[in-house]
Amino acid sequence: MREDLLCNKTVGLKPSGIRRFFDIVAEMKDAISLGVGEPDFDTPWHIRDEGIYSLEKGRTFYTSNSGLKELRMEIAAYLKRTQNMDYHYMHEILITVGGSEAIDLAMRAMINPGDEVLIPEPSYVSYQPTVILADGKPVIIELQEKNKFRLTPEELEAAITPKSKLLVMPFPNNPTGAIMEKEDLEKLVPIIVKHDLYVISDEIYSELTYGGKKHVSIASLPGMKERTILINGFSKAYAMTGWRLGYACGPEQVIAQMTKIHQYCIMCAPTTSQYAAVEALHNGDDDVKMMRESYDERRRFVLHMLAQMGLPCFEPEGAFYVFPCIREFGMTSDEFATRLLKEEKVAIVPGTAFGDCGEGYLRISYAYSIDNLKKALGRLEKFVSSLRA
């Protein structure tokens, strides 16, 4: 076998720290996982029914590369009523295979070799690898718990160089649950404009905010729509993870290049999923409300349990994760998570899976039933007590 068989930059990528624990727990009897960011709800029946109906009607052919016209029109209408933004369904919206494909397409469509991409961390695991695969340079901005894990103007300004081109905005945030409110975003806009940056705004958790805090897209602020690639999808809000459907909205010239890559690599997103998504956007608001209220109940329950066991934890206002601090125990996040899994059969994700600055933290997903959360957190409390004994 020749020595240069494999691509060096691909070989150099680290495997996902999330999947490693998921794979272990799948083989472990009686283990409980709080590690995967996947709703435990079934896709609402009326959405599944629309997918079934599309199959029964023989709608099994390719759609256009950009996606079903009806779906793009529904997305445009959704963004108009939720964010008061106007996107042209023909030229500014692309349907993708999940939000992750949209992130990859945006990076490849916009990055030239050596371009710097600013990535606030802790954050979702795909940003750094997709930048590297596109021959860009990730520049990490370490978010601070004292700032509620929000990106501050000072942090952004300090990270910018003449090579800076893109800024990733991962809010509501996975893994911290942090959000950016309108006034936070407004402070960033002058800096973004001054340095001629473009933004990739990952808004996959936009429907999951709590405490009366409504999500605001940075693309909705004056002067930002033409600078922003807005990425969203159906996995989290509509419990449609396995349907693999997302979308990107942005300037026509960027969406055209993303569509070209999508055309050659994917062709089009799954047709059945697209018909189901039309129904989700058209008639799914009540389902989203019900799931959001349930997540909020679980969020408050988990925070109460963590406080009861004395684990300090920033209060998340979005997504469905908590990010408690375990520095008191003198272990790395990976050591803590590994021992917890081995000794108490509970799987959670080390904070370092989301960037080096996640050291000393753990990500716990509360996208699980109260019963499972109670059982798993009871085991965590027992483990924590043993460490303090």
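Before the opening stop, a word on terms: two strands count as paired if DSSP finds at least two bridges between them. Helices (H or I, at least four residues) and strands (E, at least two) are DSSP runs, numbered from the N terminus. What you have loaded is a predicted model, where local features need pLDDT of at least 70 and side-chain atom pairs count only at pLDDT 80 or more, while totals for chains, interfaces and linings use all residues. Residues are numbered from 1 along each chain as its sequence is written, and side-chain values use heavy atoms, with hydrogens and water left out.

Select β9, β12 and β11.

Now zoom in on β12 (residues 362-365), which is joined to β9 by two bridges in the antiparallel sense. Show Y321 and you'll find S365 of β12 standing opposite. Over on β11, two bridges again make the link to β12, and these strands run antiparallel. There, P350 faces L362 of β12.

Are the faces of β12 covered or uncovered? Both are covered: L362 and I364 on one side, R363 and S365 on the other, are all buried. Buried here means under 20% relative accessible area, exposed means over 50%, and partly exposed is in between (1.4 Å probe, protein chains only).

**Stop: surface patches**

Patches are built from residues with over 30% relative accessible area and no salt bridge, joining like charges within 9 Å and nonpolar side chains (Val, Leu, Ile, Met, Phe, Trp, Tyr) within 5 Å. The areas come from the Shrake-Rupley method with a 1.4 Å probe, and for residues only the protein chains shown count as cover. A salt bridge is a side-chain nitrogen of Lys or Arg within 4 Å of a carboxyl oxygen of Asp or Glu.

Pick E142, E335, D356 and E359: together they form a negatively charged surface patch. In the charge bookkeeping, Lys and Arg are positive, Asp and Glu negative, and His and the chain ends are not counted; each charge is placed at NZ of Lys, CZ of Arg, CG of Asp or CD of Glu. E335 belongs to helix α12 (residues 333-344) and is partly exposed, at 40% relative accessible area.

Next, select M1, L5, L6 and V11, which make a nonpolar surface patch of about 510 Å². V11 sits in helix α1 (residues 8-11) and is exposed, with a relative accessible area of 53%.

Go to E121 and P122, which are joined by a cis peptide bond with omega about 5 degrees. P122 is in the loop between β3 (116-121) and α6 (127-133). Then try F171 to P172, another peptide bond that is cis, with omega near -5 degrees. P172 lies in the loop between β5 (164-169) and α8 (182-194).

Which residue in the loop between α8 and β6 (198-202) is worth a click? It is D196, a non-glycine residue with positive phi, near 55 degrees. D196 is partly exposed, at 46% relative accessible area.

Finish at M267, in the loop between α9 (252-265) and α10 (271-283). Phi of M267 is positive too, near 85 degrees, and M267 is partly exposed at 31%.
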